[in-house]
Amino acid sequence: MCFRPSTVTSTVTCTVCGTQNEAEAQDCKECGAPLAGLAATAPPPVQPVIPGLHNLPHLSVDYPELPGSSGIRTNILGSVVNDSALWRFLKKAVVARKERIDCWYSSPVTALIQDPKTKAVVGVEVERGGKKLNIAARKAVVLAPGGFENNPSYTQQFIGYPRMLPVGTLANEGDGIRMAQAAGARLWHMNAWESGGVGLAPEQDRIRSIGTPGFFRTGSCILVGKDAKRYIAEDKEQRHGRVLVGGTWVVPARPDQSFFIFDEGHRQAVLSGKLKKPFPHWSEGFEAEIASGKIAQGETIEALAASLSLDADALRATIEAFGQGAAKGQDPLGREGDAMKAFQGGPYYGIAVFPSVLATRGGPERTARSEVVDTKGVPIPHLYSAGEFGGITARGYQGGDGMSECVVFGKIAGDQAASEESLFVADPVEGGLGPGSGDASLYDMVPDESLLDPGESWGIAVGLGGPIWVKVASEKGAVKGVTVIHQSETPEVGAPALEVLAKAMVDAKSYDVDLVSGATVTSLGFKAAVAQALAKAGQG
């Protein structure tokens with residue numbers, strides 16, 4: 001699934017970017033920060049939390065009770081989980097082969113081009129620079145556009161929910177499904193998907209699922225549907241959103257919208273440090289979230305019910321029944337008695353949540369050779385697929401198998417496509433669209449030093465989404481200004497973190513500031529970039 005790190009007997013870990021260096025190294029090989037005074041085998045940076053997968057240990061076998069589970073081996077490429085190390089590794093490998101691999105960005109494929117007689121896929125239609133281009137395939141076309149979790153029409157049709165919170169990529173909209181169908185492909189596993197449980201409104205926090213489970217699974221906090229009734233034990237074990245029902249792990253039925261309800265005592269438990277906040281970036285007493293409407297507040301149960309459009313009598317009955325169960329240490333839905341606490345009084349609070357989706361598995365059916373088949377099960381000539389786009393997982397999901405399907409079936413598809421006979425004899429291509437027409441990658445670019453003013457220097461490091469370019473103004477060792485020139489971090493989490501870090505560095509006059517909670521990898525990359533810039537200026 002990835003690659004196991006090589007064994008290193010003695011290393012020094014950079015406290016700025018987390019890179020492991022040889023024990024005798026004086027400066028970090030990645031960011032250039034000084035390593036003097038650091039002990040060998042220093043602890044790695046804090047491991048980021050995997051959103052939505054909080055109920056399983058990291059890098060675990062999801063179904064150890066099933067036959068064959070002992071054969072599963074989980075490997076990591078870097079030293080931590082969820083730092084996009086595999087993506088960066090593969091991206092750099094593609095950039096290194098730029099003489100043989102052309103990458104076009106902002107150039108979506110809109111249709112497959114098919115020979116009307118043989119049904120062979122002979123090319124693709126692409127939108128680029130405001131124009132429609134027909135691009136011929138020399139040997140074959142490989143589709144790997146991902147799932148459809150960001151397409152409300154598809155999620156309603158195939159999964160049953162019109163409004164969901166995607167906790168994975170934000171770009172999967174099912175475009176490949178439409179194109180494959182037009183080419184006559186047979187679909188499979190369209191109702192196979194992996195749940196992240198529930199998460200915040202997609203319009204508010206599109207990529208945030210419930211990140212700190214303890215807040216929602218203990219004390220005076222319950223989950224209710226639009227009928228104001230509980231429907232699941234909040235602390236029930238989940239495996240990628242699946243619960244055990246009658247001996248089978250299934251995605252539980254959930255209403256289109258749910259609400260976490262808690263009381264003032266539960267909020268006070270957070271303020272006293274007994275409970276962690278639902279999200280690390282939320283305000284200490286939830287004042288900002290209450291003001292923004294993410295958390296509804298009511299002095300009474302009736303007032304809270306009115307603000308959430310819930311039946312007040314039903315909500316009161318649910319809260320009272322929960323309190324009775326807490327007193328007895330028994331819950332009809334199966335929640336553990338020691339995880340229950342009766343509501344003590346107002347104010348009362350509510351958080352609207354929606355079903356969340358990690359990934360979908362549906363798409364065109366493929367063979368073991370990655371061939372896409374038609375409605376009769378016959379391979380469509382010169383068309384292949386890889387990844388979760390028509391993935392082979394139909395039910396229980398083992399963590400990491402989406403990446404495995406990308407790597408394994410991507411390799412198979414590439415080998416099969418390369419072995420195909422040429423579709424045509426290539427003539428010279430006019431207009432600069434032939435081999436060598438790929439767009440430049442930030443991984444393969446360097447800043448223009450002539451754009452720097454006196455006292456400024458460039459720094460480049462890698463965050464979660466790719467290279468981060470910064471321009472740093474400094475004087476006598478003090479950071480005076482930090483400007484982000486290029487970044488590809490998530491707009492909802494990573495990009496705001498860069499603004500916070502830049503201000504903190506200017507205020508502290510140093511790059512050595514605290515990481516932004518919830519944006520660990522982005523923070524490490526940004527600090528590494530600034531540290532590199534200071535090192536270039538001789539002030540690091």
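F89 is found in helix 1. In this predicted model, the residue is partly exposed, with a relative accessible area of 40%. F89 also belongs to a nonpolar patch on the surface, together with L90, V407 and V408, and the accessible area of these residues together is about 320 Å². Two helices each contribute at least two residues to the nonpolar patch, namely helix 1 and helix 9 (401-419).

K91 is likewise placed in helix 1. K91 counts as buried because its relative accessibility of 11% falls under 20%. Leaving aside residues up to four places away in sequence, K91 touches Y105, S441 and Y443. The C-alpha atoms of K91 and S441 are separated by 9.5 Å, although the two residues are 350 positions apart along the chain.

W104 is partly exposed, with a relative accessible area of 22%. The C-alpha atom of W104 is separated by 8.7 Å from that of A440, a residue 336 positions away along the chain. Above the ring of W104 sits the charged end of R128, 4.2 Å from the ring centre.

R128 also takes part in a salt bridge with D439, in which the closest N and O atoms are 2.7 Å apart. This pair links distant parts of the chain, since R128 lies in strand 4 (residues 121-128) and D439 in the loop between helix 9 and strand 19 (456-462), 311 residues apart. D439 is partly exposed, with a relative accessible area of 28%.

The search of the whole structure finds 23 salt bridges. In general, side chains of opposite charge can pair when their charged atoms come close. An α-helix has 3.6 residues a turn, so residues three or four places apart point the same way. E264 and R267 are both buried.

Another salt bridge, between D415 and K411, has its closest N and O atoms 2.7 Å apart. D415 and K411 are four residues apart in helix 9 and are therefore separated by about one helical turn. D415 is partly exposed, with a relative accessible area of 41%, whereas K411 is exposed at 52%. Elsewhere, salt bridges that share partners join R361, R366, E388, D401 and E405 into one network. R366, a member of this network, also has its charged end over the ring of F409, 4.7 Å from the ring centre.

The buried residues of helix 5 are E264, H266, R267, A269 and V270. The elements that cover them include helix 4 (213-217), strand 10 (221-225), strand 13, helix 6 and strand 15 (348-360). Just after helix 5, G273 takes a positive phi of about 90°.

Aromatic rings form 15 pairs in the structure. In the pair of F148 and Y154, the ring centres are 5.8 Å apart and the planes stand at 75°, an edge-to-face arrangement. F148 counts as buried at 0% relative accessibility, and Y154 counts as buried at 15%. The rings of F262 and F286 also form an edge-to-face pair, with their centres 6.2 Å apart and their planes at 80°. This pair again links distant parts of the chain: F262 is in strand 13 (residues 258-263) and F286 is in the loop between helix 5 (264-271) and helix 6 (287-292), 24 residues apart. F262 is buried at 0% relative accessibility, as is F286 at 1%. Both F262 and F286 belong to one aromatic cluster, whose other members are F215, F216, F260, F279, W282 and Y349.

Overall, the protein chain has 11 helices and 21 strands. Of its 540 residues, 47% count as buried. Among contacts in the chain with a separation of 6 or more, 66% are accounted for by residues 24 or more positions apart. The chain exposes about 26100 Å², of which carbon and sulfur atoms supply 53%.

Conventions:
Residues are numbered from 1 along each chain as its sequence is written. This is a predicted model: local features need pLDDT of at least 70, side-chain atom pairs count only at pLDDT 80 or more; totals for chains, interfaces and linings use all residues. Side-chain values use heavy atoms; hydrogens and water are left out. Buried means under 20% relative accessible area, exposed over 50%, partly exposed in between (1.4 Å probe, protein chains only). Rings of Phe, Tyr and Trp (its six-membered ring) pair if their centres lie within 6.5 Å; planes under 30 degrees apart count as stacked, over 60 as edge-to-face and the rest as tilted. A charge sits over a ring if NZ of Lys or CZ of Arg is within 6 Å of the ring centre and within 35 degrees of the ring normal. Patches are made of residues with over 30% relative accessible area and no salt bridge: like charges are joined within 9 Å, nonpolar side chains (Val, Leu, Ile, Met, Phe, Trp, Tyr) within 5 Å. Accessible areas come from the Shrake-Rupley method with a 1.4 Å probe; for residues, only the protein chains shown count as cover. A salt bridge is a side-chain nitrogen of Lys or Arg within 4 Å of a carboxyl oxygen of Asp or Glu. Contact means heavy atoms within 4.5 Å.
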